[in-house]
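Open the model in your viewer and keep the sequence panel beside it. The tour goes from single residues out to the whole chain.

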Amino acid sequence: MIRLIFLLPILLCLGWYYFLRVNGVPLKQGKRGFIYILAFSTLVLGFFVLMIHLTNPG
């Protein structure tokens with residue numbers, strides 16, 4: 001599952017892009033959403049990396 005964690009930001013960004021297009025919002029206005037998605041994904045990835053390092057016995 002950890003190998004597929006890189007799909008999280010891609011899928012979230014695609015979903016956000018679709019949401020913006022359906023509602024007629026320009027990408028420039030929705031840029032903050034992309035930034036939030038990437039920041040959240042970075043935090044999730046960092047958490048998993050930290051847990052792997054803390055729980056790896058050797």
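Select serine 41, which sits in helix 2. This is a predicted model. Is serine 41 buried or exposed? With a relative accessible area of 7%, serine 41 is buried, because the cut-off for that class is under 20%. Now display what surrounds this side chain. Leaving aside neighbours within four places in sequence, serine 41 is in contact with Leu8, Pro9 and Leu12.

**Helix 2**

Which residues of helix 2 are buried? They are Gly33, Ile37, Ser41 and Val44. Colour those four, then show helix 1, residues 7-22. The buried residues of helix 2 pack against helix 1.

Next, pick leucine 43, also found in helix 2. Leucine 43 has 64% relative accessibility, so it counts as exposed, the cut-off being over 50%. Draw a distance from leucine 43 to cysteine 13. Their C-alpha atoms are separated by 16 Å, and the two residues are 30 apart along the chain.

In the model, residues 34-54 are 100% helix and 0% strand. The end C-alpha atoms of that stretch are 30 Å apart.

**Helix 1**

Move to leucine 20, which lies in helix 1. Leucine 20 is buried, with a relative accessible area of 3%. What does leucine 20 touch, not counting residues up to four places away in sequence? The list is Val25, Leu27, Gly30 and Phe34. Take glycine 30 from that list and draw the C-alpha distance to leucine 20. The two atoms are separated by 6.9 Å, with the residues 10 apart along the chain.

The model has two aromatic pairs by the ring-centre rule. Tryptophan 16 and phenylalanine 19 form one that is stacked, 5.3 Å centre to centre with 20° between the planes. An α-helix has 3.6 residues a turn, so residues three or four places apart point the same way.

Tryptophan 16 is partly exposed, at a relative accessible area of 26%. Phenylalanine 19 also counts as partly exposed, with 42% relative accessibility.

**The whole chain**

Zoom out and select everything. The secondary structure comes to two helices and zero strands. The radius of gyration is 15 Å, well over the 10 Å that the globule rule gives for 58 residues, so the chain is more spread out than a compact globule. Along them the C-alpha trace spans about 50 × 20 × 10 Å.

Of the 58 residues, 16% count as buried. Serine 41 and leucine 20 are both in the buried class.

Note on methods: Residues numbered from 1 in each chain as written. Predicted model: local features only at pLDDT ≥ 70, side-chain atom pairs only at ≥ 80, totals over all residues. Heavy atoms only, no water. Rg over C-alpha atoms; globule rule 2.2 N^0.38 Å. Buried < 20%, exposed > 50% of the residue type's maximum accessible area, 1.4 Å probe, protein only. Contact = heavy atoms within 4.5 Å. Phe/Tyr/Trp six-rings, centres within 6.5 Å; stacked < 30°, edge-to-face > 60°.
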